[in-house]
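Q: Could you take a close look at the aromatic rings in this one and walk me through how they sit together? I'd like the geometry along with the setting.

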Amino acid sequence: MKASRSRPASGFERAWTVFGIVVAVLMAFAGLSVAAVAVVFWIGMSNYGSNK
């Protein structure tokens, strides 16, 4: 199968590209939220340990 570059990208290919971008953005947000929760949990635990 040879990809023909002469024709413009079809709607299906464009939809897959947009889908990939959305998935990457969602994964980035999920990673940031998990990291933020882990940092807050770590700070809370360290403060709890230092208070005792």
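A: Let's start with the rule: rings of Phe, Tyr and Trp (its six-membered ring) count as a pair if their centres lie within 6.5 Å, and planes over 60 degrees apart make the pair edge-to-face. By this rule, the count comes to two aromatic pairs. In one of them, the ring centres of Phe-12 and Trp-16 are 6.1 Å apart and the planes meet at 80 degrees, so this pair is edge-to-face. Trp-16 also pairs with Phe-19, again edge-to-face, with 5.5 Å from centre to centre and 90 degrees between the planes. Put together, these ring pairs link Phe-12, Trp-16 and Phe-19 into a cluster. Bear in mind that all of this comes from a predicted model.

Phe-12 and Trp-16 are four residues apart in helix α1, which means about one helical turn separates them. Trp-16 and Phe-19 are three residues apart in helix α1, also about one turn.

Phe-19 has a relative accessible area of 49%, so Phe-19 counts as partly exposed, since the exposed class needs over 50%.

As for the chain as a whole, buried residues make up 0% of its 52 residues. The protein chain exposes about 5,000 Å², and carbon and sulfur atoms supply 75% of that area.

Terms used
Residues are numbered from 1 along each chain as its sequence is written. This is a predicted model: local features need pLDDT of at least 70, side-chain atom pairs count only at pLDDT 80 or more; totals for chains, interfaces and linings use all residues. Side-chain values use heavy atoms; hydrogens and water are left out. Buried means under 20% relative accessible area, exposed over 50%, partly exposed in between (1.4 Å probe, protein chains only). Accessible areas come from the Shrake-Rupley method with a 1.4 Å probe; for residues, only the protein chains shown count as cover. Rings of Phe, Tyr and Trp (its six-membered ring) pair if their centres lie within 6.5 Å; planes under 30 degrees apart count as stacked, over 60 as edge-to-face and the rest as tilted. Helices (H or I, at least four residues) and strands (E, at least two) are DSSP runs, numbered from the N terminus.
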